[in-house]
Amino acid sequence: MKDNIWRNDEEYMSYVGSLLETKEIQKLANYTQHHFSTRLEHVITVSYVSYRIAKTLGWNAKAVARAGLLHDLFYYDWRTTKFDRGTHAWIHPRIAVRNAEKLTKLSDLEKDIIIKHMWGATLCPPKYKEGYIVTIVDKYSATAEYSEHLVQKVEKLFRGRKNSTAFDFEKVSK
């Protein structure tokens with residue numbers, strides 16, 4: 001989350017602050033997630049947006065914040081690393097749970113959120129309502145992160161063209 005408003009949210013930071021300080025979480029900054037975001041930026045965005053939604057609904061915001069932060073806790077390039085025993089969509093949540101359990105004690109709710117966050121690409125839906133939040137926010141975040149890449153390509157294509165009206169909404173509205 002580029003504007004870093006999450007840093008000033010005391011309740012949110014009370015749930016995830018100590019996790020964010022670990023070298024294991026900080027190491028996610030070394031991995032590209034969706035073209036122009038790091039895995040660390042991605043998990044913080046998923047965590048904070050999911051937390052805000054859960055808090056608004058009166059659901060378990062702490063579990064959502066923690067699981068959102070930990071849902072992609074793996075250290076490989078998912079575009080190039082392949083597995084014999086399943087797809088990245090099925091394997092990486094299990095790796096993330098194992099890695100997360102080395103950092104902190106996870107509740108059954110948090111484990112389920114992490115394991116099932118790829119529902120849609122995998123068959124098992126979340127067991128708990130909170131899992132749907134992280135699942136949906138993760139998909140939304142991935143789409144937004146990738147779309148930024150596409151928007152930049154389109155803007156580059158039209159930049160510098162005289163007489164280009166592709167983004168000239170003033171002319172369209174007249």
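Lys-102 counts as exposed because its relative accessibility is 69%; here buried means under 20% relative accessible area, exposed over 50% and partly exposed in between, computed with a 1.4 Å probe on protein chains only. Lys-102 belongs to helix H5, residues 88-103. Its C-alpha atom is separated by 9.6 Å from that of Glu-24, 78 residues away along the chain.

The model is predicted: local features need pLDDT of at least 70, side-chain atom pairs count only at pLDDT 80 or more, and totals for chains, interfaces and linings use all residues. Residues are numbered from 1 along each chain as its sequence is written, and side-chain values use heavy atoms, with hydrogens and water left out.

**Overall make-up**

Helices (H or I, at least four residues) and strands (E, at least two) are DSSP runs, numbered from the N terminus. Of the 174 residues, 43% are buried. Among contacts with a separation of 6 or more, 61% come from residues 24 or more positions apart; a contact means heavy atoms within 4.5 Å.

Ser-50 lies in helix H3, residues 39-57. With a relative accessibility of 0%, Ser-50 counts as buried. Apart from neighbours within four places in sequence, Ser-50 is in contact with Val-64, Ile-133, Val-134 and Val-137.

**Aromatic pairs**

The structure holds seven aromatic pairs. Rings of Phe, Tyr and Trp (its six-membered ring) pair if their centres lie within 6.5 Å; planes under 30 degrees apart count as stacked, over 60 as edge-to-face and the rest as tilted. One of the pairs is Tyr-12 with Tyr-51, which is tilted because the planes stand at 50 degrees, with the ring centres 5.1 Å apart. This pair links distant parts of the chain, as Tyr-12 is in helix H1 (residues 10-20) and Tyr-51 in helix H3, 39 residues apart. Tyr-12 is buried at a relative accessible area of 0%, and Tyr-51 is buried with a value of 0%.

Trp-119 and Tyr-132 form an edge-to-face pair, 5.5 Å from centre to centre and with 85 degrees between the planes. Trp-119 sits in the loop between helix H6 (108-116) and helix H7 (129-158), while Tyr-132 is in helix H7, 13 residues apart. Trp-119 is partly exposed, with a relative accessible area of 33%; Tyr-132 is partly exposed at 32%.

Ring pairs also join Tyr-12, Tyr-15, Tyr-48 and Tyr-51 into a cluster.

**Charges over rings**

A charge sits over a ring if NZ of Lys or CZ of Arg is within 6 Å of the ring centre and within 35 degrees of the ring normal.

| Charged residue | Ring | Distance to ring centre |
|---|---|---|
| Lys-27 | Tyr-75 | 4.4 Å |
| Arg-94 | Trp-90 | 3.9 Å |

**Packing of H5 and H6**

Two packed helices are described by the angle between their axes and the distance between the axes. H5 and H6 pack at about 145 degrees, with axes 7 Å apart. Axes are lines fitted to C-alpha atoms, for helices over the stretch in contact, and angles run from 0 to 180 degrees between N-to-C directions. In H5, Pro-93, Arg-94, Ala-96, Val-97 and Glu-101 meet Lys-111, Ile-114 and Ile-115 of H6. The residues of this contact comprise five nonpolar, no polar and three charged; Ala, Val, Leu, Ile, Met, Phe, Trp, Tyr, Cys and Pro count as nonpolar, Asp, Glu, Lys and Arg as charged, and the others, Gly among them, as polar.
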